[in-house]
Each structure stands twice: as C-alpha cells, then as structure tokens.
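Open the model in your viewer and keep the selection panel at hand. The tour goes from stop to stop, with a selection for each.

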Amino acid sequence: GAPLAWPAWLADHLPPPPSLDALRRWIPVAVIVAALAKGVAFHRHALGMARLGQAVVARLRIALHARILTLPPDAVTALGAGDLLSRGTHDASAAERMVEQGVAAVARDGLQVLALLGVCVAVDPWLAMVAFGVYPLAFWPVARFARRLRRAAGAAHAEQGALTAELHEQLRRLALIQLSGAEPDATARFAERVEAYARAVVRTVRVRALASPFTEALGAVALAASLAYAMHRIEAGALAAEHVMSFVAALLLLYQPVKGLVRAQEALQPGRAALERVDAVLRAVERLPTGGERPPPAQAPTVSVRGLSVERGGRRVLDGVDLDLVPGVVTALLGPNGAGKTTLAWVIARLVEPSEGGVRVDGVPLEEYAAQAWRGAVGWVPQAPLLGRGTLRENVLFGAPPGCAARLGVGGAQRGRPP
C-alpha cells in the first residue's frame, strides 16, 4: 500500500512515520496493553471515587449531626424532625452521588475531550475550527439547563423532606391516630405528600431529558459542518482523504465524552441543590444559649422568673410570666395546649433564650452560670418515656458521667436534680 504520511504542518516536527510492517507487528500488542491499562485504571478509579464519596458524605453527615445537637428544641420543631432526617440521609446521598458520579464524570470525560481535541487539531487545525465552532453556542443553553435542573432537584429534595416529615409525625402519633379513628385522614395526608413528591420527581426527569436531544443535535451539526468543509478541501487538493477519515474517527469518539459531560449535570445539579439544603442547617442562626463560668449551686436553688416573654415565628408564646420555684415545694403549671408550658421549661433549662425578662437562680442571673453544666444539673422527666435502642442499662446510663455504672446496682444513675 501507499506509505504513511504525517499531516503536512506537523511533518517537519515529527520523526519519519512507521512502516506498515511495523504497524502490523505492534498494533495488536498496543491494543492489548491499552486494554489492560484501561481495566486497571477503571478499577483504581472506581475504588478511589467510592472512597472519596464515602469520606465526603461521612464528614457531611457528622457535621450536620453536630450542628443539629446545637439547635434549640423549638428550632428543631420548626424545621421538622422528619425534614432534618431527610437532609441527613437523602440529601447527603445526593451529595455523595455528585462526587462519585458528577465530579468523576467531569474529570474523566473532560480529559478525553481534551485528548481528542488535540488529535483533531493535529490532523487539521482549520477543519477542527469548523467542527468545534458550533460548541461555544451550547454554553448558554447548557448553563440554563443546569440552573433549571438544580431548581427542579431542589424542589424534589424539599418534597422528599416533607414526605419524610409526614411519615415521622404519623408514626409519632400512631396510637392517637388509631384511638381516634383518624386512619382515613392520615392516609389522605400521606397520599397527598406522596403524589407531590412524585410530581416533583417527574419534573426533574423532564428537565434531565432535555439534555439528550440537545446533545444529539449539537453532534450532528458539528459532524455535518466538518464533512461539508472536508469535501471542499479534498476537491481543492488541500487535504488527504485518509486525514479526513482520521479526523472523523476522532470526532465520532468525541461524541460520547461530550455527552457524558452534559449527563454529569444530572448528578452535579441535584447534588448542589442537596448541599444547599444541608448548608441551610449548618448556617442556621439558632443555637443553644451560652452562659458564663459559674458552676450550678450544690443544693436545690430558688428559681425566680420575672417578666419573661418568648417570641417564636412572629408569635408571643410567653408574655410577661412571673414565677417562683422554691426548694421543697411541688409547683404544678397548668394550661391548654400551646399555652407555653414546655417553652417555659425550656427557658429554665437553658434550652431557649427569652426575648424579654429573665430567670434568676438564688438571685444570680441564669446567664452567669455555665450553660452546659446547668443543663446537666436539671432533672428532665418527659411526658412520654424516651427509650432508645439498646438495653435498659444503656438507656439508664445514656449521657451519665463516668462512675455512674458502678452505682447502677444500688439505685441507678443519678442524672440530675430538679431545680
């Protein structure tokens, strides 16, 4: 056959091309070596990205959990325990997919695009300019597609959180639902949330599906433009047919990584939307009240509440409350649901900051006591028992200081004392 030749503009800068006999000997070997290298690289890449994704999501969940532990109880109620669960599970998993699939695809397909672009430019720079002249036109539609996908994914994440919150609330009130015969109403409410989530997912898929026809059309325009220009160059004798074949082969190989870069938005944008939801909790302004360095009193103190007011969500939960809690006297606080009984207990336990007024302990402002030590000294007995997973012994010792386990056989762990 005819001897091989480099493109004219590169011929002076490269060694003589190999002979056909050399290619017959070494191409099979090169193919086998390339296949083995690809297999090893794929294995190492998959393992590395899995480790990176798990490291990222683990740190994200630990940071979110640590931040939730610093939220006051009314803030947790306002956000919704179910929604917080969704942010720590579903949203964190979306961030994991963003790293493992989106970032990995951008790195992998981006390198392939750069390599194939180099091949196309090496074959014929003018032909490459014609072929890739259409791609800058795609920047604006791709950017708009990414923004729409992020908004749709954010709405789907929010609906997922609402669905989890509804299920969590119904499980928490299951006995009341069963006793009051409210199963039909509970079913209707849950079905409404399920349908809303399904609609949000369909909207996200609809936006994702727009990428495929757009990429197909873009690739077709690039190929058609390059072939038309190549035929003109061949007829003019300015371009060899074998170079056109090499260019078209590189251009066709370029199609898949370019499409992969567009598909990577399907993992990147939902991941960004999920990170925004997690970041909203991490940056929340609500925090547990802090205090000074004074230790709590050794004996049961007198607690005085004067002019105490608390506002939450633009509504006054407590308004000018005065109260004295004296050692040795049992004080019962009565009132309808929503009257602020729990909020008052939260303020005294240093879980919520009052809007006006204050609390004094033995005549000393509550703010001067070390907040964490004061909270640890308050004995809190909830209306419903809060038993977690594990044995009864583990539940009794939960949060107890070291040394309580030795006293468990005598009378159990002394977690605190009432004010």
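Select Val 347, Arg 350, Glu 353, Pro 354, Val 359, Leu 366 and Glu 367: these residues line the second largest cavity. The model you are looking at is predicted. The second largest cavity holds about 30 Å³ of space. Colour its lining by class and you get four nonpolar residues, three charged ones and no polar ones. How many cavities of 30 Å³ or more does the whole structure contain? A search finds two.

**Salt bridge at Glu 368**

Now select Glu 368 and Arg 294. Their side chains meet in a salt bridge, at 3.6 Å from N to O. This pair links distant parts of the chain, 74 residues apart. Glu 368 sits in the loop between strand E4 (364-365) and helix H13 (371-377). Arg 294 sits in the loop between H11 and strand E1 (303-312). Are the two partners buried, partly exposed or exposed? Glu 368 is partly exposed, because its relative accessible area is 36%, a value between the limits of 20% and 50%. Arg 294 is also partly exposed, at 37% relative accessibility.

**From helix H11 to helix H6**

Next, select Glu 276 and Arg 150. A salt bridge joins their side chains at 3.9 Å, N to O. Again the pair links distant parts of the chain: Glu 276 belongs to helix H11 (residues 265-282), Arg 150 belongs to helix H6 (residues 139-172), and they are 126 residues apart. Check the surface view here. Glu 276 counts as partly exposed, at 46% relative accessibility. Arg 150 is buried, with a relative accessible area of 17%, and the cut-off for buried is under 20%.

**From helix H8 to helix H6**

Stay with H6 and select Glu 166 together with Arg 189. Their side chains form a salt bridge of 3.3 Å, N to O. Arg 189 is in helix H8 and Glu 166 in helix H6, so the bridge ties together parts 23 residues apart in sequence. Arg 189 is partly exposed, at 44%.

Remain on helix H8 (residues 183-209) and pick Tyr 197. Tyr 197 is partly exposed, with 22% relative accessible area.

**A network of four**

Select Asp 83, Arg 87, Asp 91 and Arg 277. Salt bridges link these residues in a network. How many salt bridges does the whole structure have? A search finds 16. Side chains of opposite charge can pair when their charged atoms come close.

**A nonpolar patch**

Zoom in on Trp 26, in helix H2 (residues 20-68). Why does Trp 26 count as exposed? Its relative accessible area is 56%, and the cut-off for exposed is over 50%.

Note on methods:
Residues are numbered from 1 along each chain as its sequence is written. This is a predicted model: local features need pLDDT of at least 70, side-chain atom pairs count only at pLDDT 80 or more; totals for chains, interfaces and linings use all residues. Side-chain values use heavy atoms; hydrogens and water are left out. Helices (H or I, at least four residues) and strands (E, at least two) are DSSP runs, numbered from the N terminus. Buried means under 20% relative accessible area, exposed over 50%, partly exposed in between (1.4 Å probe, protein chains only). On a 1 Å grid over the protein atoms alone, a cavity is a set of points where a 1.4 Å probe fits but cannot get out, and a pocket is an open set with protein on both sides within 12 Å along at least five of seven lines; lining residues have an atom within 4 Å of a point. Grid points are joined across faces, edges and corners, and a volume is the space filled by probe spheres set on the points. Ala, Val, Leu, Ile, Met, Phe, Trp, Tyr, Cys and Pro count as nonpolar, Asp, Glu, Lys and Arg as charged, and the others, Gly among them, as polar.
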